[in-house]
Amino acid sequence: MVGALVPHVAGSLWLIPALPLAGATITLFAGNRLGKWAGILATVLVFASFGVSLAVVLNLLTYPGESRLALQHLFDWISVGGFRVGADLRLDTLSATMILVITGIGALIHLYSVGYMAEDPRQGRFFAYMNLFVFFMLMLVLGANYLVLYLGWEGVGLCSYLLIGFWYTVPGNAEAAKKAFITTRIGDTLMLVGLALLVFKFGTLDFEVIFGTAGSMLTKDAATVIALLLFAGAIGKSAQLPLQVWLPDAMAGPTPVSALIHAATMVTAGVYLVVRSHVLFEISGVALTVVLVVGVVTALFAATCAIAQFDIKRVLAYSTISQLGYMFIAVGMRAYGVAMFFLVAHACYKALMFLGAGSVIHGMHDEQDMRQMGGLRRAMPWTFATFTIGGLAQAGVPPLAGFFAKDALLEVANHTGREVVFVLGTIAAFLTAFYIGRMICMTFLGRARSDAADHAHESQPVMLAPLVLLAIGVVVVGILQLSPDGAVTQALEPVVGATALGAGLSVPALIGMAVAVALLSLALAWWIYGSGRVDTVAFRERLEPMATAAQRGWYVDRAYDVVIVQPAKALARLTSDVFDALVIDGAVNGIGGLVKRSASEGKLLQTGFVRTYALVLFFGAVLVLGFIGVRG
Amino acid sequence: MPLDDVVFWVFAPIAIAAAVGMLVTRSVVYAALFLVVNFGCIAVMYLVLDAAFLFAVQIIVYAGAIMVLFLFVIMLLGVDRIDVRSERLWLQRPIAIVLAVGFVVEVATALRAGIGFATHAPEGFDLLQPAGNTQAVAEVLFRDYFFPFEATSILLIVAAIAAMVLAQRKVRAVTQAELGEELADGSEDEAEVEVAP
Amino acid sequence: MRTPIAYFLMLAGILFAMGTVGVLINRNALRIFMSVELQLNAVNLTLVSFARLHNDLGGQVLAFFSMVVAAAEVVVGLAIIVSIYRRRRTIDVDAAREMRW
């Protein structure tokens, strides 16, 4: 798979991450003085980066399939003994896909933020963090070795922390930021162990070397261990079970942050990592099964939680977790092309819905509870239209992008004999459509349920433009992959290999089933929430206590608190109050006290009488003489 | 009974008795005099040990010079009368005596283990000093120990100067102002300014 | 000479011990000084005895030097005592108690 270097492309790869990095640096130092120009500068730079990405990718595509590979060596990063790591960038079809998503959607979100954050006095800092995030994310996907990837990995974690806790003066936001960082840290540390094992086994972290020689260098068990460790990192970053707890709380950050980081890009880093490392996972076999199981369980789990949420952003958060689960299901079935297409489609419609939610929240004067909304389609028509397009895409309604992705996934499941996955995936699809419908109905349909909803207004054009563009994207992107063997999969084949498909239900039957499930679920949601014929409050009460449990994430947070957090805090208290105060301070103070006491006792020897000193002297002399005399 | 033995057994007890007397007596002057007696006895011991030169030097230097100096100072300072006997450190005396006894025992033990209580002085000492003890000592002193001899002479000069400096009454320059004060008093014809004692 | 040398040494030892007791017991600085002289003499006696025992005149020479230095020492020591007396009006060594806790 060693492709010829593509010189023209390779030379300009560095520009792609460099532009947002420059933006971050400038706005970091001059942000406050620039005011609103900080946002404009940041947005322009990301658009520029998108432009370069587009040019570079188009250039790459002019080459035949096997040789679509560009490498750029920036500088020698680490050179210790026989271990070398270069700051290398790699462009193949996989990273090409990612950079287009990152810069494209990132640019639109930056544009949206110019409007969304216009009132904020610290917006300079905001755009600095956003640009910095884009830089790190690009490094993550453009890295030609695991270390550059890890650099980006940690960097996006940092920026996520900074951005979630951006409004740090509000109590709870800093907690959410810490929770995100610490939870992903667990995954990151395991991933680092995985990297260390890779160094141990291969002596390098370079993708070409590792994936080229892994077949002969790794036993099945070694590959399993390494793959699972890497997957642990992915579980953390992509908020899968059991590390999903940080994502709903991360909604404390500004909505553009949720759109960019927690919908379109950072959380997809886990998927990218596994796809990139698929060679290791395939050698292992077991690891892929683990990925599949985690994906299925997470998709179902999160979908049940999404149904019961009242906060519009939390619905979207659990929805993201669930959709990421879908992506891992695809990966677990070795349908990498399907997974990547799902990633692209999801990035588009999830970002769209988040930005739309932001628009709603803006119009509702910072109210996020859907029970206070209602009837907003009249006051905010553009938001309503674009949001609905995104929602229907997620629900799997053709001809929008989400339909093709979901259908492709279920087709693979069916055609590779994985009946259980097929059934569970369909159930999850049903739940997905249901909560989407619920969300749209509660927010936009019916009558206004509060004053804020009554007085809602549409958002400014600078915020609406990205919504429209993303909506168009959602409609159009579907064309890229009309089946599991579509254009995206074919483009990725040099990187990820092909998927063998068997037989199963026929394609039209599957399409029919998928559409039926989606429409049925949407209709049910409309019946309960949109038609006004059902008393939603009573309906919910009938479902208690399950509804509250679902709303609270099935008490996973509580379980973690009891099993991990409280014992850790107790241990900390024990260490500080008992061990530190009594043992360590006791020892130190004890020594001090001992010295003091022995000094105050000992000083009494200095009586000041010369005769006493002389007596003691003589005593000593007699003693020594006696010693000598006795000894010989 | 050999003469040496007799002399020894007469003067040794006297020496010890004089030492005891020096310790016990209340008067400082008596203590000094007892010490003189002790020095004399020791001088006799030197004579018995065939050290005639030291016998003479002991009398001249110790008894004649050093003790005289002591008596001068005693009289000068007038401390012969004041001597409080009450002991504040009540453990001092018993322990000192115990330790002294222990010391003597140790010396005895060492002697027994070393040269033994029966060793006599060897005979050939006279051969060392054919022209007399003084001449022999002079030869050894000026030949083998010449440098220490010269150094000691410098030491003596230094000691003399040191004593002069230490015992001096401090004289400081009297300022005109003080002189003027005294004279302006009108009570005297000569100015007399008090300097530090 | 028929007397065993050890007797002279014992005498010296006894005198030295008594001199030490004098140093430790007395409070009058002059008496302490006199006791020190007693000690020095005892040591001189030891030196001369050993000179006789070993047929070596070096012992006598050393005793001679000891006497000379003792003389110088007495001169300086008495000068110090005089100067202390002038300052404090006493030569009681127990009075100089300043270097204590």
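**Helix packing in chain A**

Reply: Let's start with one pair: α3(A) and α5(A) pass each other in a left-handed crossing. Please keep in mind that this is a predicted model. Helix α3 covers residues 36–61 of chain A and helix α5 covers residues 123–142 of chain A; their axes come within 8 Å and cross at roughly 15°. Angles under 35 degrees count as roughly parallel, so α3(A) is roughly parallel to α5(A). On the α3(A) side you will find Ala38(A), Gly39(A), Ala42(A), Leu45(A) and Val46(A), and these meet Gln123(A), Gly124(A), Phe127(A), Met130(A), Asn131(A) and Val134(A) in α5(A). Sorted by class, this contact has seven nonpolar residues, four polar ones and no charged ones.

Chain A has 28 helices and two strands. Of the 632 residues in chain A, 52% are buried. Among contacts in chain A between residues at least 6 apart in sequence, 81% join residues at least 24 apart.

Now move along chain A to another pair, helix α14 (residues 286–307) and helix α20 (residues 419–444). Their axes are 9 Å apart and the packing angle is about 25°, so α14(A) is roughly parallel to α20(A). This crossing of α14(A) and α20(A) is left-handed. From α14(A), the contact takes Leu292(A), Val296(A), Ala299(A), Leu300(A), Ala303(A), Thr304(A), Ala306(A) and Ile307(A). From α20(A) come Val421(A), Leu424(A), Ile427(A), Ala428(A), Leu431(A), Thr432(A), Phe434(A), Tyr435(A) and Arg438(A). In the contact of α14(A) with α20(A), 14 residues are nonpolar, two are polar and one is charged.

Helix α20(A) also has a partner in α19(A). The axes of α19(A) and α20(A) come within 8 Å, with a crossing of roughly 160°. Angles over 145 degrees count as roughly antiparallel, and α19(A) and α20(A) are therefore roughly antiparallel to each other. Look for Lys406(A), Leu409(A), Leu410(A), Ala413(A) and Asn414(A) on α19(A), facing Val421(A), Phe422(A), Gly425(A), Thr426(A) and Ala429(A) on α20(A). By class, the contact of α19(A) with α20(A) holds six nonpolar residues, three polar and one charged.

Helix α19(A) deserves a moment of its own. It runs over residues 401–415, 15 residues in total, and reaches 21 Å from its first C-alpha to its last, close to the 21 Å expected at 1.5 Å a residue. Since 15 of the 15 residues of α19(A) are buried, this helix is largely enclosed by the rest of the structure. Just after α19(A), Gly417(A) takes a positive phi of about 80°.

What covers the buried residues of α24(A) includes α18 (381–395), α19, α20 and α25 (536–542) of chain A. Helix α24 takes in residues 507–530 of chain A; at 1.5 Å a residue its 24 residues should span 34 Å, and its end C-alpha atoms are 33 Å apart, which agrees. An α-helix has 3.6 residues a turn, so residues three or four places apart point the same way. With that in mind, trace the buried residues of α24(A): Leu510(A), Ala514(A), Val517(A), Ala518(A), Ser521(A), Leu522(A), Ala525(A) and Tyr529(A). Just after α24(A) comes Gly532(A), with a positive phi of about 80°.

Finally, a look at a neighbouring chain. Chain C has three helices and zero strands, and 58% of its 101 residues are buried. Where chain C touches chain A, each chain gives 11 residues. The chain C side of that contact has six nonpolar residues, one polar and four charged. Chain C also touches chain B, in a contact that takes 59 residues from chain C and 75 from chain B. The elements giving two or more residues to the chain C side are α1 (5–25), α2 (29–54) and α3 (58–88) of chain C, and α3(C) gives the largest share, 22 residues. By class, the side of chain C that touches chain B has 42 nonpolar, 11 polar and six charged residues.

Definitions and conventions
Residues are numbered from 1 along each chain as its sequence is written. Chains are lettered from A and ligands numbered from 1 in the order in which they are written. This is a predicted model: local features need pLDDT of at least 70, side-chain atom pairs count only at pLDDT 80 or more; totals for chains, interfaces and linings use all residues. Two residues are in contact if their C-beta atoms, placed from the backbone, lie within 7 Å. Ala, Val, Leu, Ile, Met, Phe, Trp, Tyr, Cys and Pro count as nonpolar, Asp, Glu, Lys and Arg as charged, and the others, Gly among them, as polar. Helices (H or I, at least four residues) and strands (E, at least two) are DSSP runs, numbered from the N terminus. The expected span of a helix is 1.5 Å times one less than its number of residues. A residue is buried if 20 or more other C-beta atoms lie within 10 Å of its own, exposed if 12 or fewer, and partly exposed in between; C-beta atoms are placed from the backbone. Axes are lines fitted to C-alpha atoms, for helices over the stretch in contact, and angles run from 0 to 180 degrees between N-to-C directions. Angles under 35 degrees count as roughly parallel, over 145 as roughly antiparallel, 65 to 115 as roughly perpendicular and the rest as oblique. A crossing is left-handed if the near helix is turned anticlockwise from the far one by less than a right angle, and right-handed if clockwise.
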